[in-house]
Amino acid sequence: MIVGVGIDVAEIDRFQAALDRTPGMAERLFTATELRLPSGEPRGIASLAARFAAKEALAKSLGAPPGLHWLDAEVTTSDDGRPHLTVKGTVAARAETLGVRHWHVSLSHDAGVASAVVIAEG
């Protein structure tokens with residue numbers, strides 16, 4: 001059963017400008033794992049913008065309640081390239097209240113825009 005669906009888009013240049021003008025913003029939005037590729041290299045801005053869109057879409061799939069913490073949701077990539085969501089703390093608590101047992105997430109970026117869709121399944 002689908003508990004919720006969220007979608008979000010982020011203009012990549014605008015997202016980069018926000019990170020540039022707000023010191024420490026990236027560390028408040030993303031976990032250390034999200035900020036780097038498995039090789040240890042910094043993740044590109046399009047990939048970060050897609051992860052930000054995923055966190056926004058995740059919040060929407062949960063009804064966008066106040067009090068969710070950005071670092072309580074992590075977007076990772078499996079060895080086969082598929083994105084996955086891991087939740088804890090405030091996000092996990094809200095998901096448990098709604099009966100969410102599984103997440104589906106899709107990320108994309110093209111033509112200057114990053115997008116994400118999140119489906120919360122019960």
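Lys60 counts as partly exposed, with a relative accessibility of 39%. On this scale, buried means under 20% relative accessible area, exposed means over 50%, and partly exposed lies in between (1.4 Å probe, protein chains only). The model is predicted: local features need pLDDT of at least 70, side-chain atom pairs count only at pLDDT 80 or more, and totals for chains, interfaces and linings use all residues. Residues are numbered from 1 along each chain as its sequence is written, and side-chain values use heavy atoms, with hydrogens and water left out.

What does the side chain of Lys60 meet in a salt bridge? The partner is Asp8, at 2.9 Å from N to O. A salt bridge here is a side-chain nitrogen of Lys or Arg within 4 Å of a carboxyl oxygen of Asp or Glu. Lys60 sits in helix 4 (residues 45-61) and Asp8 in strand 1 (residues 2-11), so the pair links distant parts of the chain, 52 residues apart. Helices (H or I, at least four residues) and strands (E, at least two) are DSSP runs, numbered from the N terminus. Asp8 counts as buried, at 12% relative accessibility.

The whole structure holds 2 salt bridges. Lys55 pairs with Glu34 in one of them, and their closest N and O atoms are 2.9 Å apart. Lys55 lies in helix 4 and Glu34 in helix 3 (residues 32-35), so this pair ties together parts 21 residues apart in sequence. Lys55 counts as buried at 3% relative accessibility. Glu34 counts as buried too, at 0%.

Now take helix 4 itself. Of its 17 residues, 14 are buried, so the helix is mostly covered. The expected span of a helix is 1.5 Å times one less than its number of residues. For the 17 residues of helix 4 that gives 24 Å, and the end C-alpha atoms are 24 Å apart, which agrees.

Next comes a helix pair. Two packed helices are described by the angle between their axes and the distance between the axes. The axes of helix 1 (residues 12-21) and helix 4 come within 9 Å and cross at roughly 90°. Axes are lines fitted to C-alpha atoms, for helices over the stretch in contact, and angles run from 0 to 180 degrees between N-to-C directions. The two helices are therefore roughly perpendicular, a word used for angles of 65 to 115 degrees; under 35 counts as roughly parallel, over 145 as roughly antiparallel, and the rest as oblique. Helix 1 brings Ile12, Phe15, Gln16 and Leu19 to the contact, and helix 4 brings Ile45, Ala46, Leu48, Ala49 and Phe52. Contact means heavy atoms within 4.5 Å. By class, this contact has 8 nonpolar, 1 polar and no charged residues. Ala, Val, Leu, Ile, Met, Phe, Trp, Tyr, Cys and Pro count as nonpolar, Asp, Glu, Lys and Arg as charged, and the others, Gly among them, as polar.

Some backbone angles deserve a look. Gly63 follows helix 4 and has a positive phi, near 90°. Ala64 lies in the loop between helix 4 and strand 2 (73-77). Its phi is near 50°, a positive value in a residue other than glycine. Ala111 also has a positive phi, near 55°. Ala111 lies in the loop between strand 4 (102-110) and strand 5 (113-121). Its relative accessible area is 73%, so Ala111 is exposed.

Last, helix 2 (residues 25-29) holds Glu27. Glu27 counts as partly exposed, at 49% relative accessibility. Setting aside neighbours within four places in sequence, Glu27 is in contact with Leu35 and Leu71.
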